[in-house]
Amino acid sequence: MSGSYTLIINCPDRPGIVYNVSGIIFAHGGNILESRQFEDRETGRFFLRIVFESDAEESVMADALGKLGTEFAMDWRLVRTGQPVKVLILVSKFDHCLAYLLYKVRMGEMPLEVVGIASNHPASALTASDIRDIPFHHLPVTRDTRAEQEACIKELVEESGAELVVLARYMQILSDDLATYLSGRCINIHHSFLPSFKGAKPYHQAHAHGVKMIGATAHYVTAELDEGPIIHQAVERVTHEDSADDLVRKGREVENHVLGDAVGWHVEHRVIMNGRKTVVFRN
């Protein structure tokens with residue numbers, strides 16, 4: 001076998017999709033290793049993710065799938081399984097999510113290539129120790145320079161070939177223009193208190209209100225910013241014995257795991273956009 005491929009399909013639901021796709025794979029000497037599907041009865045859409053081995057060239061497979069895609073009005077992608085995805089990470093002072101992602105990459109647990117780190121703070125303000133071999137870009141921003149700073153971010157995306165941008169606790173609100181530019185290829189992490197506890201020190205606000213559960217949400221960035229399609233969420237129970245600092249500490253852990261899972265699923269092509277929602281074929 002020449003290699004492993006991952007095929008992702010999103011199309012109107014109709015009979016014969018799986019039959020025809022698997023037939024093409026079989027006709028090209030393929031062997032299916034993994035297959036997951038979902039039929040959304042509300043929207044009439046069909047979602048399919050197949051991992052298979054084949055001795056056929058990628059261009060040959062793509063040509064055959066392209067003809068089927070036209071017949072079934074498919075939005076489809078064929079990628080080499082495990083091929084690293086180029087990622088640009090934006091971060092502010094709170095760099096725990098950055099450190100967690102870099103650790104996962106260093107351990108070989110996530111197929112991504114970090115092509116750059118950009119921050120509105122200098123590298124000396126960060127505690128992550130794994131950034132020394134990664135291009136770092138200090139992009140300070142004020143209310144008056146936001147347009148110029150975001151133009152620099154766009155330039156970094158273009159020059160680095162970044163396929164995904166991760167807001168790893170990047171504490172700046174993106175303009176509608178930048179959010180639209182990154183729509184569908186940018187993942188953000190935030191505490192699940194929104195919109196209940198907006199602004200500074202959300203965990204301290206939650207502590208003052210005596211909450212019994214904290215959490216985090218990872219979602220795609222759209223023009224609606226914090227209302228983009230949700231990829232993953234998790235919660236952690238807290239009690240009256242927890243201090244505000246305890247909530248901050250527990251919140252960091254939840255944010256790490258939620259963002260790490262969301263980015264991991266994205267780069268393994270397990271997430272498919274479904275309007276304002278997502279289909280996630282979790283591993």
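## Buried area between two domains

Buried area is the accessible area (1.4 Å probe) that two parts lose on being put together, summed over both. In this predicted model, the area buried between domain 1 and domain 2 is about 860 Å². Carbon and sulfur atoms give 50% of that area. Three residues, I8, F47 and R49, supply 45% of the area that domain 1 buries against domain 2, more than any other three residues.

## Basis of the model

Residues are numbered from 1 along each chain as its sequence is written, and side-chain values use heavy atoms, with hydrogens and water left out. Because the model is predicted, local features need pLDDT of at least 70 and side-chain atom pairs count only at pLDDT 80 or more, whereas totals for chains, interfaces and linings use all residues.

## Domain arrangement

The protein chain is divided into domain 1 (3-80) and domain 2 (85-280), with bounds from an automatic or database domain assignment. Their C-alpha centres lie 31 Å apart. In contact (heavy atoms within 4.5 Å) are 15 residues of domain 1 and nine residues of domain 2.

## Salt bridges and residue classes

Two salt bridges cross the interface of domain 1 and domain 2; the term denotes a side-chain nitrogen of Lys or Arg within 4 Å of a carboxyl oxygen of Asp or Glu. The side chains of E42 and K277 form a salt bridge, at 3.9 Å from N to O.

The side of domain 1 that touches domain 2 has six nonpolar, three polar and six charged residues. Here Ala, Val, Leu, Ile, Met, Phe, Trp, Tyr, Cys and Pro count as nonpolar, Asp, Glu, Lys and Arg as charged, and the others, Gly among them, as polar.
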